[in-house]
Amino acid sequence: MTVAPSLLSADFLNLSKDVAMLNANADIAHLDIMDGVFVPNLSFGFSVVDALKGKFDIPVDAHLMVVHPERWFERFANAGVKMLSFHWEESRGRTSEFIDRLHSLGLKAGIAINPDIPVSRLYPYLGKADYFLIMSVFAGFGGQSFIPGSLDRVSALKRKIEAGGFRAAIEVDGGVNLSNAADLARAGADILVAGSAVFNAGDPASVIRKLQAV
Ligand code: DX5
Ligand code: ZN
């Protein structure tokens with residue numbers, strides 16, 4: 001399993017320590033960007049994102065939980081991000097255009113959806129988007145409980161990807177931990193995002209290794 005710890009739960013007074021731990025153990029670094037409008041919370045902006053430029057040896061994945069995500073695509077590309085997902089809910093009929101813009105910036109393009117959006121909304125972008133981010137909690141906060149119905153959403157999307165012979169990864173984000181990771185792997189997840197399960201653990205590196213082993 002590919003594991004993408006979310007920096008949202010990292011120690012912001014000692015970020016270099018967590019960056020080094022992720023470089024040594026994780027597959028991808030996940031950056032949660034929240035604007036207080038699309039989600040009822042603020043996270044961090046370019047003062048942090050730009051400071052992290054060049055510090056990761058692993059790919060950086062930005063998850064934009066913001067209105068008008070397209071305003072920031074170029075800034076994230078300049079900050080060295082390799083994967084970027086925007087929420088379908090905020091793409092306002094411009095999903096294909098956003099994917100093309102991300103590709104022209106050299107980024108992998110992901111489409112994220114909250115738990116109340118049918119996965120079928122993603123089907124028109126099979127063969128176009130590089131990955132799909134299935135939220136298994138409502139976007140906005142780390143440390144929420146995994147919504148069990150997310151497993152069926154992941155399997156439905158996986159079946160559709162396989163039936164059509166498409167190449168697209170499924171990333172699952174929210175409440176992921178050592179108790180549900182194996183079920184998510186069986187359902188068809190390719191990338192697991194985990195914030196609190198990794199950073200609130202006594203030994204974050206060992207949690208990452210166990211998630212990778214599922
Ligand atoms: C939630 C974020 C997640 C969050 C995951 O809106 O998109 O990436 O950091 O945190 P946990 O793993 O604690 O649910
Ligand atoms: Zn996220």
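Visitor: Where does ligand 1 sit?

Guide: This is a predicted model, and in it ligand 1 sits in the largest pocket. The elements that contribute two or more residues each to the shell around ligand 1 are the strands β2 (29-34), β3 (60-65) and β8 (191-194). Of these, β2 supplies the largest share of the shell, three residues.

In total, 20 residues surround ligand 1. The closest are Asp32, Gly140, Asp173, Gly195 and Ser196. By class, the shell comprises eight nonpolar residues, ten polar residues and two charged residues.

In the side chain of Asp32, an N or O atom is found 2.7 Å from an oxygen atom of ligand 1. The backbone takes part as well: a polar backbone atom of Gly143 is 2.8 Å from an oxygen atom of ligand 1, and a backbone N or O atom of Gly175 also lies 2.8 Å from an oxygen atom of the ligand. As for burial, ligand 1 taken alone exposes 380 Å², and the protein buries 100% of that area.

A further feature of the model concerns its aromatic rings. The structure holds six aromatic pairs, one of which joins Phe46 and Trp72. Their ring centres are 6.0 Å apart and their planes stand at 45 degrees, so this pair is tilted. Because Phe46 belongs to helix α2 (residues 46-49) and Trp72 to the loop between β3 and α3 (73-78), the pair ties together parts that are 26 residues apart in sequence.

Key: Residues are numbered from 1 along each chain as its sequence is written. Chains are lettered from A and ligands numbered from 1 in the order in which they are written. This is a predicted model: local features need pLDDT of at least 70, side-chain atom pairs count only at pLDDT 80 or more; totals for chains, interfaces and linings use all residues. Side-chain values use heavy atoms; hydrogens and water are left out. A residue is near a molecule or strand if one of its heavy atoms lies within 4 Å of it. A polar contact is a pair of N or O atoms within 3.5 Å; within protein, one must be able to donate a hydrogen and the other to accept it, and residues adjacent in sequence count only if both atoms are side-chain atoms. Accessible areas come from the Shrake-Rupley method with a 1.4 Å probe; for residues, only the protein chains shown count as cover. On a 1 Å grid over the protein atoms alone, a cavity is a set of points where a 1.4 Å probe fits but cannot get out, and a pocket is an open set with protein on both sides within 12 Å along at least five of seven lines; lining residues have an atom within 4 Å of a point. A molecule sits in a cavity or pocket if more than half of its atoms lie within 2 Å of its grid points. Helices (H or I, at least four residues) and strands (E, at least two) are DSSP runs, numbered from the N terminus. Ala, Val, Leu, Ile, Met, Phe, Trp, Tyr, Cys and Pro count as nonpolar, Asp, Glu, Lys and Arg as charged, and the others, Gly among them, as polar. Rings of Phe, Tyr and Trp (its six-membered ring) pair if their centres lie within 6.5 Å; planes under 30 degrees apart count as stacked, over 60 as edge-to-face and the rest as tilted.
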